Amino acid sequence: MKPKVYITRKIPDDFMAKIKSECDVKVWSEEDIPVPRDILEAEVAEVDGLLCFLTEDIDESIIEKASQLKVISNMAVGYNNIDIEAAKNKRITVTNTPGILTDTTADLTFALLMAASRRIIESNEFLKMGKWKTWSPFQLTGQDVYGATLGIIGMGRIGEALIKRAKGFSMNCIYYNRTRKTHLEEEHDIKFEELDHLLQIADFVCILTPYTPETKNLISERELKLMKSTSILINTARGGIVNEDALYKALTNGEIWAAGLDVFEQEPIDNTHPLMALPNVVALPHIGSATVKTRMKMAELAVDNLLLGVKGLTPNSVIV
Ligand code: NAP
Ligand code: GLV
C-alpha cells in the first residue's frame with residue numbers, strides 16, 4: 001500500500017506527479033481560502049505525510065489527531081505555524097526550506113528599504129493621480145540609503161545576505177543577535193550592538209529573527225521611542241515581532257519616519273487597518289521569497305522532504 005499524504009495548497013503538476021508516483025495524494029485545491037480547520041483535522045488524522053504552508057496553524061490539537069503522521073513538511077523557512085514540541089512528543093519529523101530563499105528574501109528586504117526611504121510608492125501614486133503640477137526642490141524628499149547605518153536584528157542567513165546588499169551602498173552595518181557572531185564581524189566588517197543602542201543609532205532597522213515567544217513584541221512602544229525620528233523600520237520576518245498598535249502611534253507621532261512591512265500580525269491584513277492609510281508605510285502581502293525560481297526550489301525541497309519522511313528516511317532539512 002502506498003503512503004497517504006495531504007497537501008494544503010495546489011503545487012505545480014510536475015511536483016504532484018512526483019508525489020503521486022509514490023503516494024496516495026489528496027490536496028486542498030481552493031486557491032483563495034486556506035483549508036478550513038475541521039477539514040485539515042480530518043485529513044491529518046488519515047495520512048502519513050503532510051505538506052503545508054505558513055497559512056496552516058498546525059497546533060497541538062491538530063497534531064493530537066494525527067494517529068499515523070510521520071512527517072510535516074512546511075514549505076517555508078519559518079515554522080512558527082507548527083507546534084514543534086507537540087510534533088517532537090509524537091515523534092513526527094518536521095522539516096522546512098532554509099537557505100534556498102535567503103537571497104530572494106534579502107533582495108525584497110532591500111527593495112522595501114529603498115521604497116520606504118525614497119518614497120517610491122508614494123511618488124508613483126502622486127504622479128499617476130495627477131498631483132504632479134510642477135517640480136519643486138523639497139517635493140517628496142526622502143532619506144539617504146547611501147552611507148547610512150543599517151541595524152540588523154537577527155543575524156542569520158537572511159541577515160548576512162542583507163549585509164552584502166548594504167555594502168554595495170556603502171552602508172555602515174551593525175547588528176543585534178541573541179548570540180554574537182564574531183566570525184561575521186571580521187568577515188563583513190560589522191559591529192555587534194546591544195538592542196537598545198542599535199535602535200538609538202541606526203538609520204534603518206531591519207527585523208530578521210524567527211517569531212518565537214522571545215521575539216513576540218520585541219519591537220514595541222519603548223523600543224520605537226528609542227529610534228531616531230528619521231529612522232525607518234523594515235520587517236520581513238514575521239508580524240507579531242513588531243507591535244502594530246505601537247508602530248501606528250510611532251509613525252503618526254513622528255517618532256520614526258517610515259516603515260516597510262511584508263508581514264503582519266494577522267495575514268491577510270485588512271485593507272481598512274489604520275496602518276494601511278499611512279503614506280509612510282510601504283506594505284506588501286508577504287512576498288519575501290516570491291520569485292518563480294525560488295518558489296520552485298522551495299516546492300522541490302518540500303516535496304523531497306515529504307517523500308523521504310513518509311518512507312521513514314531522514315529528510316534534507318529537519319527541524320525535529
Ligand atoms: P536564521 O538563519 O535561523 O536566522 C535567524 C537569526 O535570528 C539567527 O541568527 C538567530 O540567532 C536570531 N535570533 C533568534 N532568536 C532571537 C532573539 N530572541 N533575539 C535575537 N536574535 C534572535 O533564519 P533566516 O533563514 O535568516 O530567516 C529568518 C526569518 O525570516 C524566518 O524565521 C522567517 O520567519 C522570516 N522569513 C520571512 C520571509 C518572507 O517571505 N517575508 C521569507 C523568509 C524568511 P541564533 O544564531 O542564536 O540562532
Ligand atoms: C516565509 O515567510 C518563510 O518563512 O519562508
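Modeller: Gladly! This is a predicted model. Let us start with helix 2, whose buried residues are covered by, among others, strand 1 (4-7), strand 2 (24-27), strand 3 (49-52) and helix 3 (60-65). The buried residues of helix 2 (residues 37-44) are L40, E41, E43 and V44.

Colleague: Where is N81 found, and what does N81 touch?

Modeller: N81 sits in the loop between strand 4 (71-74) and helix 4 (84-89). Leaving out residues up to four places away in sequence, N81 touches F53, L54, E56, D57, I58 and N74.

Colleague: What makes the pair N81 and N74 a polar contact?

Modeller: Their side chains are joined at 3.2 Å, and the cut-off is within 3.5 Å, so the distance qualifies.

Colleague: Now for ligand 2: which residues are around ligand 2?

Modeller: They are L54, A76, V77, G78, L101, R238 and H286. This shell divides into 4 nonpolar, 2 polar and 1 charged.

Colleague: How do you know that H286 makes a polar contact with ligand 2?

Modeller: A polar side-chain atom of H286 lies 2.6 Å from an oxygen atom of ligand 2; the limit is 3.5 Å, so this pair counts. The protein buries 87% of the 190 Å² that ligand 2 exposes when taken alone. A backbone N or O atom of G78 also lies 2.8 Å from an oxygen atom of ligand 2.

How values were computed: Residues are numbered from 1 along each chain as its sequence is written. Chains are lettered from A and ligands numbered from 1 in the order in which they are written. This is a predicted model: local features need pLDDT of at least 70, side-chain atom pairs count only at pLDDT 80 or more; totals for chains, interfaces and linings use all residues. Side-chain values use heavy atoms; hydrogens and water are left out. Helices (H or I, at least four residues) and strands (E, at least two) are DSSP runs, numbered from the N terminus. A polar contact is a pair of N or O atoms within 3.5 Å; within protein, one must be able to donate a hydrogen and the other to accept it, and residues adjacent in sequence count only if both atoms are side-chain atoms. Contact means heavy atoms within 4.5 Å. Buried means under 20% relative accessible area, exposed over 50%, partly exposed in between (1.4 Å probe, protein chains only). A residue is near a molecule or strand if one of its heavy atoms lies within 4 Å of it. Accessible areas come from the Shrake-Rupley method with a 1.4 Å probe; for residues, only the protein chains shown count as cover. Ala, Val, Leu, Ile, Met, Phe, Trp, Tyr, Cys and Pro count as nonpolar, Asp, Glu, Lys and Arg as charged, and the others, Gly among them, as polar.
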